[in-house]
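Visitor: I'd like to learn how to read a few local features in a model. Could you walk me through some?

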Amino acid sequence: MRGSTPFLWGASSSPHQTEGNNVNSDWWVIEGRTPGMQRSGDALDSYHRFEEDMRPLADAGLNAYRFGIEWARVEPVPGHFSRAELAHYRRMIDTALSLGLTPVITLHHFSNPRWFAEEGGWLGKNAVERFTRYAEAVVDILGDVPWIATINEPNMLAMMITIERQGPAGPDSRSQGLAAADNTRPKLPAPDPEIGAVLVEAHHAARKVVRANTDAAVGWTIANRAFAARPGGEDKLREIEYGWENLYLEASQGDGFVGVQSYSSEWVGPDGIEPHPPHPDNTLAGKAYRPDALGMAVRHTWDVTGGVPILVTENGIATDDDNRRIAYTQEALHHLFAAMDDGVDVRGYLHWSALDNYRWGDWKAPLGLIAVDRETFERHPKPSLAWLDATARRGHP
C-alpha cells in the first residue's frame, strides 16, 4: 500500500499471444502467408484456460492481472457484435475479481479484425469511427473495471504501419510491417506522425466513451525506449524522442493514467539511434541488459506528461535463466522505487509477461513468470513468480 490506494502488483498478457485460434484476426492471415513465420495456432489455449492463467498469480499473492479483449472476436463482421464473445470476456473479468485480481483491460493490442485490415486498417477513412463503435459495444461489460487502456503501444503500432506503407506493394507488405512488433530489427523507421495523429484521435474518442460509461481510470500504454544521448547527439535525441514517444505521451495529458512499457535502453548519436552490438549480456531478444531503463522511462514519462499517474504495464526480460529474470526485475524495481521516492506517482507494477507466450512470429525468448507445456497446456509457475510475490508482500524490492 502506497498512499490511499493499494499498489498493483501483477503481470500482463495479450489476447492474440495467448488465446489461440484467433482465425478472424489479421495476424492469423499474416502468419499463414509469411515465409519463416511460426503460427500462433492453439497458442496457450487461454481462451478456454483463462482461469488457469489467473489462479497461479492469485495463489502467489499478487493482486492484479492485465489482459485484453480481442476486437476480431467481438466484431467478426462490420457492425455485428457477438453477445457470446462479450459474455466470454465478462466471465474473464468476473473470474479475476473472484480471485482477488484487479483487472486491467486493454481494448486493442496490435491485432485487428480481418475486415478492418481489408478496408485499410488504421489508414482507412473510417478507422476512428470503427474503433469508437467497438469501444461503445465493449464498454457495456466494463462498468466495474477500474483500469482501462484503449490502445497498446500506439507508437510501435504506428511504426508497423509506417513499414507497411513504405514496403513493396503486394500481399506481404502488411506482414513486413507487423512482424517488427517486438522491435528486434536493427534499423526501424520512425513512426509517421500522421499515423500517430490518427491513433491519438482514436484514443481520445475511445477515452470519451469509456469516461461517459464507467468510473475507470482510462489511458493507453506507450513503448518506452529510454533513449540516452551520446556526446553530440543531444539535438538528434530530442528529434527522435518526439516521433517515437513524446507525441504519444503529450496525448496522454488529461488521461487517468499512462502505461509505461520498458525493457531496455538505446543510445542516440549525431546520426540517430545506434544499433546495439552483439554482447554476451544481451537478452535472447537481442536487447541490451538494461534494468535501469525502467527508472529512465518513468522519469521521462512523468516529465513529458506533466504529472499523469503512471502504471507500469510491461517490464521484463527475454531469458531462459529464471535467476537472471529475478536479478533483472529486482534491479528494475530498485530504479522504479527510486523514481517514486523522488516524487513520480506510480500506481503499480505489472510484469511482462504472465506466461511464456507467442511473440508475434515465433515462440523463442520466453518472458513469462509461468511456463506452459504447449502439448498438454499445463501451467508451471517459475521461481520468479514466488519471488515477485515476496517482493510485493514487502512492498518494495
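Visitor: Is alanine 365 buried or exposed?

Guide: Some ground rules: this is a predicted model, where local features need pLDDT of at least 70, side-chain atom pairs count only at pLDDT 80 or more, and totals for chains, interfaces and linings use all residues. Residues are numbered from 1 along each chain as its sequence is written, and side-chain values use heavy atoms, with hydrogens and water left out. Buried means under 20% relative accessible area, exposed over 50%, and partly exposed in between, using a 1.4 Å probe and protein chains only. With a relative accessible area of 7%, alanine 365 is buried.

Visitor: Where does alanine 365 lie?

Guide: Helices (H or I, at least four residues) and strands (E, at least two) are DSSP runs, numbered from the N terminus. Alanine 365 sits in the loop between S11 and S12.

Visitor: What should I look for in the backbone?

Guide: Most residues other than glycine have a negative phi, and most peptide bonds are trans. Alanine 365 isn't a glycine, yet its phi is positive, about 55°. Phenylalanine 110, also not a glycine, has a positive phi of about 75°. Phenylalanine 110 is in the loop between strand S3 (102-106) and helix H6 (114-118), and it is buried at 3% relative accessible area.

Visitor: Which residues does a cis peptide bond join?

Guide: Tryptophan 352 and serine 353, with omega about 5°. Serine 353 belongs to the loop between S11 and S12.

Visitor: How do I check the span of a helix?

Guide: The expected span is 1.5 Å times one less than the number of residues. Helix H14 (residues 383-394) has twelve residues and reaches 17 Å from its first C-alpha to its last, close to the expected 16 Å. Just after H14, glycine 395 takes a positive phi of about 90°.

Visitor: Which residues of H14 are buried?

Guide: Ser384, Leu385, Trp387, Leu388, Asp389, Thr391 and Ala392. The elements that the buried residues of H14 pack against include strand S1 (8-12), helix H3 (46-59) and helix H13 (322-341).

Visitor: What about arginine 130: buried or exposed?

Guide: Arginine 130 counts as buried because its relative accessibility is 15%. You'll find arginine 130 in helix H7 (residues 127-138).

Visitor: And which residues is arginine 130 in contact with?

Guide: Contact means heavy atoms within 4.5 Å. Leaving aside neighbours within four places in sequence, arginine 130 touches Trp71, Pro78, Trp115, Phe116 and Glu119. A polar contact is a pair of N or O atoms within 3.5 Å; within protein, one must be able to donate a hydrogen and the other to accept it, and residues adjacent in sequence count only if both atoms are side-chain atoms. The side chains of arginine 130 and glutamate 119 make one at 2.7 Å.
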